[in-house]
Amino acid sequence: MKDVYPFREVEEKWQKTWAERLVFEAADDPRLTKYYCLEMYPYPSGRIHMGHVRNYSIGDVISRFQLMKGLNVLHPIGWDALGMPAENAAIKHGIHPQTWTLDNIAHMKRQLQRLGYCYDWSREVNTCLPEYYKWNQWIFLKMFERGLAFRKKSWVNWCPQCRTVLANEQAAGGVCWRCDAAVEHKEMDHWFLKITAYAKELLDGHKLLEKWPEHVLLMQKNWIGESEGAHISFPLKGSSRTIEVFTTRIDTVFGATFMLLSAEHPLSRELLAGAPEKERRREEMVRAVRAARMKEGAEEAEKEGIDTAKKAVNPFSGEEIPVWIANYVLMDYGTGAVMAVPAHDQRDFEFARKYGLTIRPVIAPAGSPSPEEHPERATEDYGILINSGPYSGMSSSEAMERMAGFAQARGFGRKSLTYRLRDWGISRQRYWGTPIPILYCENCGTVGVPYENLPVELPHDVRFTGEEGSPLEKASEFVNTTCPKCGGRAHRETDTMDTFFDSSWYFFRYTSPHQMDGPFDPAVASYWLPVDLYIGGVEHAILHLIYARFFTKVLRDLGCASIDEPFPHYLAQGMVTKGGAAMSKSRGNVVDPDEMIQEYGADALRLFILFASPPEKEFAWAEDGIEGCFRFLNRVWSIVEEQRDLFAEGASPSIRRDASAGLTLLKKTHQTIRKVSEDIGKRFHLNTAISSIMELYNLIRKEKDSLRPGEEGRVVLRLALESIIVLLAPFTPHIAEELWERTGHRDLLARHPWPAFDPELAKEERVTIVVQVNGKLRDKFEAEAAVGEAEMKERALGLDRIRALIEGRPVRKVICIENRLVNIVV
Ligand SMILES: [Zn+2]
Ligand SMILES: [Zn+2]
């Protein structure tokens, strides 16, 4: 291409200028209207990838736009710098995790700077530095004091490949979230955070998250897994013990003909004392259950039972019922014990059939007076109670209320909620994490490290062998210490924290990153928070986004934070793909951002990654796409250069609304300003904003020669060109800033006020656009005249009728005729 604009010099020049003039430093000034735009911070793996470029370019456009709108914008970045890959590099290549991490950060920081992002680098946060993780330890100790951090022996998910414990969230489906190895179960001492204490609030808080994608809320809801029901205690006959069960169907309690315990239930072993053969079978069952836990669909295993020969008493009827141990009752749901109602629960039904236990119907389906004599399966519907003493004849819902009330009054039960959510296990047997600030003293037991002794720093000189156990265990100078309470001998906890701890509150730290006497300054945090817009991949829907919400509530209860929810607006950006698959090293379809910047410049890369699809949709990489964007920028450059004399004519005179010459271009300019303002500010439709700027460019090209001769025409032409430069500023800030300067402006475009539009001139005519599928008229929609092709396509393909019609069939072609028609060929 001839006359390629000098993007390398231009980009370097403006990056330097912005940095020198501290253009993007946010002021902690409560008199200003703030806007906090946050993107998920990167793990310093070594290189920025296209997923980062997409995520950060979206945030950058919005931040720059809000800045030009006059808001006080906080747009920070940092590093999620602790974690396993650094340690693996240490084991493999003998490089210290800290060296590896800091080198990577230096490189990636340079990459981000070359992309021209408007970060406030004075607030950079790095979680692997003691000045950050000190506050992890502080928060941990506050939680420890309140019983929100606690240690217990427990069965944990263990990844044999990563040689560490995983949270349930990280072992979903029985495989390690990081390396896909099959997860094993191990019993060990382990630190937990009591996230379950906030289960109800995490669920109720969804009401405040209207601006979250529906499917993310649903994933969280399922993860928390609330069910409404009742706890009831069944006395164990001939003992003072009781067995507590949770049931969602207390209305069927008269049909409870036996009880079931999980093989892992603490009572199971006790009840089998003196029955060695049965105890052996129970142990076998425990092993099988644990093995099955690792596979999906484990519930379908053949039902197995062991009769304990003990009886429990139904507190409602006084009936004595046998107690069995069953392989399908799980210890990690409810209480690990259930009242079995075979007539109305299919799994209990199959169990009762197999072992010849009583099946007694207690619910007659609505509209039928009595149940079948010999049913072939359980009926799980609600209905009218029968065989239920004083409750017979009541509806299920009435009986549920009355029974729960009766149980509560008599002290053997209560209405209750139960959750699938488990407490969050945070112990990791690895080096490159925050040391858990706990000591074990021979006299005093478990002792928190005093606040004045924080941080507990990671010892630098340790050996990374890759053998089982944490390298910290062998660092004797670290391990051996004295007790701060009694001065006696003590040893340190060698587990480090799950790195999701770090990312659960980093967005607070950005508000006062250099705070020395607390994790952050509560007053400054309450000015900036909540985050106005949070942008990041949907893969964090149930890990990071639940933990961060949990921490916010804990920090609130500690008196540090004044908000309930950290991210009222979450934008989940879509994946970056190439050739139909996510970009990944193993597929060999990775496009390196550095190479693209080298060849086309950062502006062209940014423009393309934002132009090709709306932020929340998948983005498919295409070489000719970036070339097209690069060509467009060159054309803008050339046309401004060609018309530069217009700008030498002094301040632009005002333009009359009824300007006779150039009215079409004048209107188009105002329409474009309006469209871009709304697309960025209200809808985040960055792609259609860009295409409308391109349309404005096309019209300028078409009209410029006829407009140049007249005075009025020259003014309109100049306004249109100037508008293109300003509107491009959030997307392609370097070229825009350069052209701004070249056209005689003295101020920095990055802080120039966003243009206003004249509503009268910006008004668009409405048109009806018909939608065809394979040439047949199927639907239509209303739009503003001059709606762009990209938007016409998007809206047509988004219509319910059209979606239903083309469901499952690949779209081969979409033909658009301006203001009239979209034809979809499938
Ligand atoms: Zn693993
Ligand atoms: Zn002590």
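Partly exposed denotes the range between buried (under 20% relative accessible area) and exposed (over 50%), computed with a 1.4 Å probe on protein chains only. The model is predicted: local features need pLDDT of at least 70, side-chain atom pairs count only at pLDDT 80 or more, and totals for chains, interfaces and linings use all residues. Residues are numbered from 1 along each chain as its sequence is written, chains are lettered from A and ligands numbered from 1 in the order in which they are written, and side-chain values use heavy atoms, without hydrogens or water.

Donors are N, O and S atoms within 2.8 Å of the metal (3.2 Å for Na, K and Ca); water is not among the atoms, so sites may look incomplete. C441 is buried, at 8% relative accessible area.

Then move to the zinc ion (ligand 1), coordinated at 2.3 Å by SG of C159, C162, C176 and C179. Angles of 100 to 119° among the four donor atoms make this arrangement tetrahedral. The donor residues follow the pattern C-x2-C-x13-C-x2-C.

Finish with C162 and C179: C162 is buried, at 8%, whereas C179 is partly exposed, at 26%.

Conventions
Four donors count as tetrahedral if all angles lie between 85 and 135 degrees; four count as square planar and six as octahedral if opposite donors are over 155 degrees apart and all others between 65 and 115; anything else is irregular.
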